[in-house]
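Hello,

Here is the structure I promised to pass on to you.

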Amino acid sequence: MIQVNPETCCLCGLCVGVCPPDALDLTPSELKVLPNCTDCGWCVPYCPVGAISGGRAPRRRAPVPSA
Ligand code: SF4
Ligand code: SF4
């Protein structure tokens with residue numbers, strides 16, 4: 001599962017709308033990652049302050065060209 005750094009997250013809510021299974025729950029005091037998170041990593045680049053880490057997509061590596 002992805003991780004949200006509560007010390008960095010400013011509760012802006014930008015990530016909430018981009019989650020395909022709607023697994024991000026923004027409350028007045030924290031951003032919760034719900035159990036239906038698929039760890040897709042889609043939300044990670046949408047966070048303007050880099051508060052989300054983990055997920056599968058950011059760790060995907062580009063294909064290495066064959067020599
Ligand atoms: S990793 Fe994917 S499923 Fe999980 S919160 Fe982010 S966008 Fe939603
Ligand atoms: S986009 Fe980043 S700062 Fe904004 S609510 Fe999501 S995790 Fe927090």
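**What I found**

Along the sequence, the protein runs β-β-β-β. In total there are 0 helices and 4 strands (DSSP runs numbered from the N terminus, with H or I of at least four residues for helices and E of at least two for strands).

Please keep in mind that this is a predicted model, where local features need pLDDT of at least 70, side-chain atom pairs count only at pLDDT 80 or more, and totals for chains, interfaces and linings use all residues. Residues are numbered from 1 along each chain as its sequence is written, while chains are lettered from A and ligands numbered from 1 in the order in which they are written.

Of the protein's 67 residues, 16% are buried (20 or more other C-beta atoms within 10 Å of a residue's own, with C-beta atoms placed from the backbone). The largest nonpolar core has 10 residues, among them Cys15, Cys19, Leu24, Leu31 and Cys43; such a core is a set of buried Ala, Val, Leu, Ile, Met, Phe, Trp, Tyr and Cys residues joined through C-beta atoms within 7 Å. Beyond its neighbours within four places in sequence, Leu24 is in contact with Cys15, Val16, Cys19, Leu31, Val33 and Cys43 (C-beta atoms within 7 Å).

Now the ligands. Ligand 1 has 14 residues around it, and Cys19, Cys37, Cys40, Trp42 and Cys43 come nearest (near means a C-beta atom within 6 Å). For ligand 2, also with 14 residues around it, the nearest are Cys9, Cys12, Leu14, Cys15 and Cys47.

Best wishes

How values were computed. Buried ≥ 20, exposed ≤ 12 C-beta atoms within 10 Å, placed from the backbone. Contact = placed C-beta atoms within 7 Å.
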